[in-house]
Amino acid sequence: MTHILLRHRDIPDLDKLAVYEKQGGFKALKKVVTGMRPEAVTQLVMDSGLRGRGGAGFPTGRKWMFVDKNNWPHYVVVNADESEPGTFKDREILESNPLQFLEGVAIAAFAVEAHTAYIYLRGEFWPIAAELDKRIAAMEKAGYLGKRVFGTDYTLKVHTHLGAGAYICGEETALLESLEGKRGQPRIRPPFPPVSGLYGKPTVVNNVETLTNLPPIINNGADWYKSLGTADTVGVKIFCLSGRVRKPGNYELPFGITFRELIYEHGGGIIDGVPIKAIMAAGASSALILADDQTLDTPLDYGSVHRLGAELGSASVIVLDETVRLDWLIDKTMTFFKHESCGKCTPCRDGSFWMKHLTERIRDGNGSAEDVKLLDSVARQMQGKCLCALGEFSTQAVVSSIEKFPGDFGIKRKVSAS
Amino acid sequence: MTDRVTLTIDGKQVTVPAGMLVVDAAKKVAVHIPIFCYHPKLGSAAMCRQCLVEVGRPIIDHATGHPELEDGFPRIQFSAKLETACTTLVSEGMVVLTQSERARKGQKEVLEFLLTSHPLDCPICDKGGECPLQNLTMAHGPGKSRFLFDEKHHAEKQVPLGELIFLDRERCIQCGRCVRFQENVAGEPVIGFYQRGRSMDIVSFSEPGFDSVFSGNTTDICPVGALTTADFRFGARPWELMAAASICSQCAVGCNTTLNTRREARSDGQIVVKRVMPRQNEQVNELWICDKGRFAGYHYTERDDRLLKPQVRRDDKFRSVSWDAAFLQAAEKLQDAEKPVFLVSGRLSNEDLFNLLQLADGLGAETLLYTNMGGGDLTGMVGLTSGSNLADLGLGDVILVVASDLQEEAPLWWLRIKQAAERGAMLIVVNPRETKLEKHADYVVRYAYGDEIKTIQDMNKATHKIHKVFAKAANAVIFYGSEGLGLEGSSGLAGACTSLLVDTGHYARPNNGLVGVWQRANDQGAWELGFRPVKDLQVIFDKSEVVYIVGADPVGDGAVRLKKRKPFMIVQELLSTDTVGHADLVLPARAFTEREGTYTSGERRVQRFYQAVPPRGESRPDYEIVAEIAARLDTALEREPGLVMDQLAEHIPAFGGISYLKVSEVVEQWPVINRSELFYGGAVYENTQGLGMQLRPAPVTSFPVSKGKGGLRPKEGLLLAVPVNKLYDQGLTVLSAPLLRERIGELKVCMNPDEADRLGFENGARLRIGLNGNNAKALLVVDPTVPSGILLVPRSMGLPIFEAGMPVLSKVRKKVTG
């Protein structure tokens, strides 16, 4: 199949300006900048049904429409802080198809009438940032960015900025704080960034993959994009497949393929043919899904996965087989969340610390049934109280594991809620 | 209708301004929603999550735009999650439940999280007894812990953030109030968070540590025992303390304070002051005091060299005498002298000064005010009047500060002016060198030392931009100081400022006028009562027969030199000053902590202080001593301070209507501070004993023409030493506080790098300075913000400097031994 986002897999050297140009590169940007009004671009993206690929799945066009037209300047900020365990899609785009991404950045900036865009990359992406800087310079030279884009009055400066190693900076308001030079901690919302974002100005924060979808949408139209995927979720998605599969990696597929297709056809099935046990569909932040036949035949779109009691999020599908004990697994996720809790709000700071103690005790076989009950209670006690989603996410694997796999915690029956 | 919103909180209906937070609206109807990180002066942080409540909103029918009704009442939709009352804005028809089962469960659960990492060392914690966490745990918390204590987070328990403030890292609940106070209120972000998650910690980034003159306030608003003052920690338990309302005696702002006292074994069973706490007065100091007021507030009253008995000099030795004998001798000496002189200072209360004035009148004595700053006659005429509050100044108003480093001289005025500027008031800072206030100024005007008066006079020309700003402003206030200026210069400057205010119509109405940045708590009161300084005190001492010196140390300050022939000196004092050392009759006075009285602040607010501790030795209040002397001269003066005030109000027009009853009145203030719950405003004391009362506008028809000249001007190639005021100096009232020694340090003089190069001195050089016949050793600080040709010499740091003068500098030679 031909790729839409991972086009470099079909076309060698697509990261070279000349090759990208020859392959129809910057056509979309030219069309937008020289022939469309910003509102028309926003409307087109709205019509295409594109939803954010960072995890929350918020309709991209609608987010742009919220940008306050009475407060200037506007900013576009790219969330390239890809930090969710099991997520590695943005990295491939940035490394191998960077020009399509940058073209997307420019389209988004034009649509929201921003003249400055910041690409906030996780610190470990410093070589990528260095490459991006070179490409931004080359694009400026070629007239695709910088002053007078395509000879018009439109100006766009794109900057890269490196984070300093905090998962929380993938949360958009913490990212903005960090970008402003402050501690990376989430802000109180509302106001949301399109109303008050970077430096208190209207700001659109979009994910790398989201923006990479824009050039093909502009080139082929909203209807074309809507023809891909399912009625619930249109378009294509890069699924990051990892865990106990034979062929882990990024798979660009339309929404609506089933877990079975993804894991067994594309991923080559489970290592050593061990029976599959559970799936985490959105990285470490996932609730665990019991991998029965019904699950495996569930189409991968936001609505269907939600009905399984989980979320598709950034589609970082981690596959767990019968060799994986979930008391071990949740201790892993809690190690991560305790380490990454920013400390701003009490439930997450103290709750993750407490949970980590409990998961460790249980993992080491020193926990009692009471400890498991307590762990479940502590996790539920955090829910609905945290300042941002990170705290909420940290409870997902814990609560769902205990509920769906009580055997892994030495419990015969389901633990009742609360 | 859109600016007021009506909602229901726990069944109580309340109408509040739109844009208010639920937590504040609840406070209005005495519903105390538990909080840790929110503070009414600091705003929302949404960190602690303690204030979870159930919030319901009426369901709006989109067709009609009105709420849907059910049995005639709006249908309320409650949100699925609990909401934080500190971030949720009120809305019309909102229903808030703070005590529902869901809300209480949420609050209890957050508290349980907080307690998992808390050491629960209440029995040894200074906050125990006045701790929001302790109180809220009693009210909302679980009685039993589900957390294994062995797994508790451990951290360092005694971390000095500086020498004044200590951090207990275990007790900290990461609410960030201290960090936000420093950043948003004090404007000195010298502390911050370090690390993240459970390892998140407060650290200081400044050198010296926690370098802010407002640092002590963070310990009041800290909702746990994480931040404590070096002054009070391990000193006493809060429940042992008695509280007495007082007024800070350290500067002219008149911060309202509470003195906490207890009787203790370690002080030989005496009742002593244990700490100074701010007392709410939203017109003066809000909820704050500066570190000088807190850490040096009363210590000088407890010095070992307090005068305890009346003494007379006989055969060049002091001998204790009875009060009766002392009164009699004083009366005789004063009566026998042809024209006795009374030299008094603004350290005395209004009552003391009034009785002195009455006695002087009877004797035909000359009354002199001991000060090196003039212009009080003008602040009495065009100063702030009743109804003035710096908190009212904002957009459309203008504040001008001239010849004053306000943060060093009157920190709370600095803070309040900064806030006014943040509210939109235009701030103009006119000073010969950079000061911290400039960061918040709209205009900074720099002049050369000596050009103070001319600079302000120029501004008062109709075409001048600043004149236009004043003419257009709704309200205007000028603060003038004595940087670089002596008595004459500052008088002249006050005159120039008065002209600007009068010509643009900014006087004799609230929130307009002239404020002197005085050095003493009651300088303004002394001026109001008619005491005036003289230019040459030496002449007075040279020619007078009898001088009655009250609350002043002219000898120690170097203001007079005693010659062989000296006047008979009656000295009424607290401490064994140099002047006392040369006295012929010594009358021991009580400290302000040991008696009642009132001070008139620079904003012309008469405020009352109360007795906190028993008197030391045989000391008596000044007004009483004066009344006793008067009695020996057949003059009857009041001996009860309240009655003295009644007399004062009758005799001095500006004080008309003022009485102890009036100055003790309180009205409800916002935010509502309540020591019984502590978590909303902090450990700050509520004000139950008086907000004070401002003096009347003086009826003035004409003003004296400003004719004073400025200070000396620097001359090419010559160095000019100019006096500046420091917050922490070696005056006895500050030096007596052991904690501030490091901040006071030694005499440091500052000059420009070019000047230092020219003179061949390097930064840190030890210099010997001769100035007007006095000598001192000093450390040289090379500072690019000092104008060239200028040597900054701080007042009260060991080298007497009343006016600018020409210094003689030489390097101190190191003694070579060996």
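A polar contact is a pair of N or O atoms within 3.5 Å; within protein, one must be able to donate a hydrogen and the other to accept it, and residues adjacent in sequence count only if both atoms are side-chain atoms. This is a predicted model: local features need pLDDT of at least 70, side-chain atom pairs count only at pLDDT 80 or more, and totals for chains, interfaces and linings use all residues. Residues are numbered from 1 along each chain as its sequence is written, and side-chain values use heavy atoms, without hydrogens or water.

**Stop 1: D350(A)**

Select D350(A). Its side chain makes a polar contact of 2.8 Å with that of R198(B). D350(A) sits in helix α16 (residues 346–363) of chain A; helices are DSSP runs of H or I, at least four residues, and strands are runs of E, at least two. D350(A) counts as buried because its relative accessibility is 0%, where buried means under 20% relative accessible area (1.4 Å probe, protein chains only). Now show its contacts (heavy atoms within 4.5 Å). Leaving out residues up to four places away in sequence, they include F113(B), L114(B) and T116(B).

**Stop 2: the sheet in chain B**

Select β23-β22-β21-β24-β25 (chain B), the order of an open, parallel sheet of five strands. Its edge strands are β23 (443–445) and β25 (513–516) of chain B. Strands pair if DSSP finds at least two bridges between them. Three bridges join β22 (residues 426–430) of chain B to β23(B). V429(B) stands opposite V444(B) in β23(B).

**Stop 3: a helix on the sheet**

Methods:
Chains lettered and ligands numbered in written order. Buried < 20%, exposed > 50% of the residue type's maximum accessible area, 1.4 Å probe, protein only.
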